[in-house]
Amino acid sequence: MIGFGLKPGGDTFRVLCLGAHSDDIEIGCGGTILSLREKYQNIEFQWVVLNAVGVREGEARQAATLFAGSALREITLKSFPDGFMPYVGSEVKTAFEQLKQSPSPDLILCPWRDDAHQDHRLVSELTWNTFRNHLILEYEIPKYDGDMGRPNAFVPLEEVQYRKKIENLFDAFQSQHSKPWFEESTFLSLMRLRGMESNSPTRYAEAFHCRKLILG
């Protein structure tokens, strides 16, 4: 399989990370974020979480720091109601419009458009409505609904990266430890499966859905 690198539009590689809930970004593409940090020296992350309330607000801040580190340029945490975002869609849309005031990102990471969770789908839809000429990679989140798709873009992960992803998840999201799905085996098995599908040289990978890509 042939690999393609990412080429920033300027001196700084700007990555916009969008999540509906406090752990979406980290579960969906935490390993990729760690990989990008190592690969690109002049990289900046803009972190946006639309539902970060109570203890989850603190967890979101800690997670952003753990994953993005010193490359975290900005973090925005909102309090839109969990599970009801489509019903307050105009307010969520306004929050997306405000993102246009920030420097244009080179890469956007957001949920998959066919995710079974309505909040995730809305974030994906508004991402494409707001950013019309950008590289957007849609990450996947395993869940009870069984909505795993057939992704077409993969990021191989070194062992130190996928191990660090899982370590950061458990360090940051203490409130989720009681959930039956919040287990190392859940995250590790998905990354192993995607690594097998992509013939990753490291055996592990994160996967994305890429709708549009210009090669040149």
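**View 1. Salt bridges across the predicted model.** The structure holds 16 salt bridges. A salt bridge here is a side-chain nitrogen of Lys or Arg within 4 Å of a carboxyl oxygen of Asp or Glu. One network of salt bridges links Asp23, Arg56 and Glu59. The model is predicted, so local features need pLDDT of at least 70 and side-chain atom pairs count only at pLDDT 80 or more, while totals for chains, interfaces and linings use all residues. Residues are numbered from 1 along each chain as its sequence is written, and side-chain values use heavy atoms, with hydrogens and water left out.

**View 2. Lysine 165 meets glutamate 206.** Lysine 165 lies in helix α5 and glutamate 206 in strand β7, so the pair ties together parts that are 41 residues apart in sequence. Both lysine 165 and glutamate 206 are buried. Buried means under 20% relative accessible area, exposed over 50%, and partly exposed in between (1.4 Å probe, protein chains only).

**View 3. Lysine 164 and glutamate 167 pair within helix α5.** The side chains meet in a salt bridge at 3.4 Å, N to O. Being three residues apart in helix α5 (residues 159-172), the two are separated by about one helical turn. Lysine 164 is partly exposed, at 34% relative accessible area. Glutamate 167 is partly exposed too, at 41%.

**View 4. Lysine 100 and glutamate 97 form a salt bridge.** The N to O distance is 3.0 Å. Lysine 100 counts as partly exposed, with 45% relative accessibility. Glutamate 97 has 30% and also counts as partly exposed.

**View 5. Seven strands build an open, mixed sheet.** The order is β3-β2-β1-β4-β5-β7-β6. Strands pair if DSSP finds at least two bridges between them. Helices (H or I, at least four residues) and strands (E, at least two) are DSSP runs, numbered from the N terminus. β3 (72-77) and β6 (153-156) stand at the edges with a single partner strand each, so one side of each is left without a neighbour in the sheet. From one strand to the next, the twist averages 25°.

**View 6. Strands β1 and β4 run parallel.** Three bridges join β1 (residues 13-21) to β4 (residues 107-111). Valine 15 has leucine 107 as its bridge partner in β4.

View 7. Helix α4 (residues 118-130) lies across β1, β2, β4 and β5, at about 145° to β1. Axes are lines fitted to C-alpha atoms, for helices over the stretch in contact, and angles run from 0 to 180 degrees between N-to-C directions.

Technical notes. Contact = heavy atoms within 4.5 Å.
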